[in-house]
Amino acid sequence: MTNTTARPTTMTKANTPAAAAPPGRPTAVPVPTSKVPPTCVEARNSTSPPGTASHRPAQRFTHQATATRRSEEPAPEERRLEYVSGWAGAGVGVVLTRVVDAAGQEPPAALWLSASDLRRARRFVDCAWQLYDSDNPSNPTPAEWIAQHVGQGGYVGADARLAAQSEWQEILSTPLQRDGLKLLHVPLLVDAVWADEPDERRRRPEHSKVVASIPKPQLNGMSWRDKLTMVRAKLHAEGADAMVVSALDEVAWLLGLRGRDLPHAPLFRAFVVVGPRALHVYAPAAKLNMPVLVALGAESCTYRKTNCTQLDTRLQHRVHGELRWRAAEWSRVLIPTGGTFQRGANAALVQSVPNNKRLLRPSPIVYLKAQKNSDEVAAMKEAHLKDAVAMCTSLCYLEKNIKRTTFDEASAANKIDSSRSTQEGYVSKSTRTRVAFGPSGGEPDYQHTDNSSRLIFGNSTLIVHSGGQYDVTRTVHYGKPTPQQQRAYTLTLRSLVAMAALRAPSTLPATHADTVARAPLWAANRDYPHPTGHGVGSALNLREDPVVIDYRQDTNLHPFKERYFVTCEPAWYEPKEFGVHLGNILEVIGLEGGFLAFREATLVPYEPKLIDRTLLTEYEIKWINAYNARVKEIVGPELLARGLHEEFQWMGNKTLPISLVKAQKQRYGDASSPRACQSQAAGERGNNSVYREFRFDNEMTQL
């Protein structure tokens with residue numbers, strides 16, 4: 001399993017076939033009376049005795065997520081894996097029951113995590129859990145582990161609503177069949193336990209009751225009816241007349257609505273089925289108020305009426321059953337498969353459609369919403385301008401007060417969040433703000449906690465990763481940086497410049513552009529473990545398909561398209577010492593001749609004291625100066641208009657022009673002459689560095 005958001009799934013093992021009902025109708029399993037023991041830390045400090053009931057139903061949990069659909073970060077009421085194990089990150093967990101040895105020992109529990117998460121998990125996960133590296137082929141897979149403990153023959157239950165079809169079939173069903181085990185759908189059991197948790201602080205929270213809302217028109221750019229027409233045209237081209245929409249960002253995009261059901265994404269719980277005559281929406285009661293119903297045309301929608309919205313407020317309990325009987329009227333039903341970030345429709349939705357009518361394809365909405373319309377582009381630019389003001393305000397405040405006020409990672413993150421939340425039109429964060437100082441920055445996935453929040457001093461780098469429906473990352477230093485820190489920062493900045501300055505044919509797969517971005521770091525024998533970039537939604541998910549910039553991807557070869565927005569996030573990690581991480585949002589723009597280029601949507605200054613000019617080429621210096629000029633030209637007036645004169649001065653100091661040092665000028669001569677540029681390029685190649693000759697002119701400055 002990859003380190004992505006996944007679904008909790010319940011599994012039940014019966015000792016004999018007679019213990020289960022015929023396929024499709026498994027026997028109800030007793031509801032457990034207690035959960036897996038608390039974490040080791042909790043067990044030491046808790047007055048309640050640890051332990052679990054014997055003969056519990058077997059349960060398999062995958063990473064916290066919204067109940068039956070894909071979302072980046074789940075709501076608190078969906079964090080099942082965290083509830084039973086103490087682990088709040090990504091992973092796959094299995095709890096076996098009805099497998100008690102002769103000594104009466106408790107059934108085993110296991111958790112599969114990435115190598116980086118494995119080290120951190122040992123501080124949080126219950127001692128009863130066996131931890132495995134999911135990337136290590138020598139470790140058993142979840143299906144192999146189940147078979148080892150329960151033997152051959154029998155039935156394993158899993159909640160099909162909480163597993164993607166690919167997970168259900170490829171990770172569970174097929175491997176289990178090899179060991180004579182049959183996978184059946186059994187409703188999740190942990191929810192009943194969680195709802196009756198004796199400790200009120202750990203009891204399952206209620207679902208959000210905030211109603212969906214209609215955002216500003218520029219966030220949509222077109223009506224839901226126009227979008228529906230586009231989707232139906234795509235379905236017709238695929239030979240389908242209906243489609244299931246289960247991804248929450250796709251539901252929000254199609255209906256032109258936003259919600260507050262998730263911590264860091266403006267989405268709401270709902271299913272949509274696109275039929276040939278009507279749009280069928282399955283949402284919780286009272287989630288859609290009267291203005292929304294009027295906008296969707298749901299208040300007067302009848303069976304005979306076309307191009308309107310039929311609403312059902314019974315959500316999960318109704319959508320699967322209705323799919324079964326509605327599919328009888330349709331020829332083919334497109335069911336979305338997974339992508340790099342989307343997991344696709346859950347197995348229960350797939351099983352609700354007869355096999356001969358299923359059309360398993362990527363969702364056409366993925367490609368439609370990735371290519372922003374002109375209104376969405378304008379709205380994203382406006383959001384980045386406001387974010388630039390927020391970042392300049394918070395970074396200026398931290399730099400001014402760091403020597404006279406004590407800050408730790410948590411308080412710095414709170415200050416950044418507070419500054420951003422004061423911006424007009426602010427909705428929510430796109431991710432938990434990550435502030436990492438010194439050795440914390442050397443961990444790629446570091447997140448501060450109450451126990452790990454470091455004090456911030458002036459002797460190392462400070463990484464700030466945050467955003468509000470977008471993503472921006474900057475690294476600063478509040479003292480005198482070391483040459484090693486300057487080198488790491490400058491080479492990381494060169495990687496960002498290389499990607500931002502790239503011009504390429506429109507047919508270039510996005511994943512292939514990664515080698516350009518990483519080249520300056522590879523020349524120094526350095527790399528980073530995460531993708532360089534990914535798509536960004538328009539007030540939807542922070543990470544969206546179809547593009548990913550990662551040379552390790554061998555299946556996603558989708559190219560860039562004009563009006564895509566993508567991230568560029570190179571990094572340098574020095575374990576146990578410091579880290580450097582820079583991140584911009586780039587807009588893909590079209591050029592003549594079928595070529596594409598990038599324009600920076602992020603307008604936040606870099607840290608000049610961390611830049612070693614001797615490591616930069618003449619072109620890179622000009623690029624940085626042009627970027628700084630855009631920041632002053634666009635952000636400066638906005639700061640002054642708000643009366644932020646101190647922040648304006650801070651921004652001006654961070655964006656002063658830089659130039660080649662004297663030794664470089666002597667080496668290359670007049671940097672403005674073509675011969676000097678050619679000499680510089682040859683010199684870089686002679687130093688075994690990856691260098692590309694660029695033409696820097698007025699056209700490039702305007703990108």
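A salt bridge here is a side-chain nitrogen of Lys or Arg within 4 Å of a carboxyl oxygen of Asp or Glu, and by this rule the count comes to 30. This is a predicted model, where local features need pLDDT of at least 70, side-chain atom pairs count only at pLDDT 80 or more, and totals for chains, interfaces and linings use all residues. Residues are numbered from 1 along each chain as its sequence is written, and side-chain values use heavy atoms, leaving out hydrogens and water.

**Salt bridges**

- Asp261 and Lys287 pair through their side chains at 2.8 Å, N to O.
- Asp261 sits in the loop between H8 and strand S9 (271–274) and Lys287 in the loop between strand S10 (279–282) and helix H9 (290–296), so the bridge ties together parts 26 residues apart in sequence. (Helices are DSSP runs of H or I with at least four residues, strands are E runs of at least two, and both are numbered from the N terminus.)
- Asp261 is buried at 6% relative accessibility, and Lys287 is buried at 3% (buried means under 20% relative accessible area, exposed over 50%, partly exposed in between, with a 1.4 Å probe and protein chains only).
- Lys369 bridges to Asp249, with the closest N and O atoms 3.0 Å apart.
- That pair links helix H12 (residues 364–370) to helix H8 (residues 248–255), 120 residues apart.
- A network of salt bridges links Glu78, Arg80, Asp191 and Arg204.

**Helix H7**

- In H7, the buried residues are Trp224, Lys227, Leu228, Val231 and Leu235.
- The face turned away from the buried side of H7 carries the exposed His236 and Ala237.
- Gly239 follows H7, with a positive phi near 80°.
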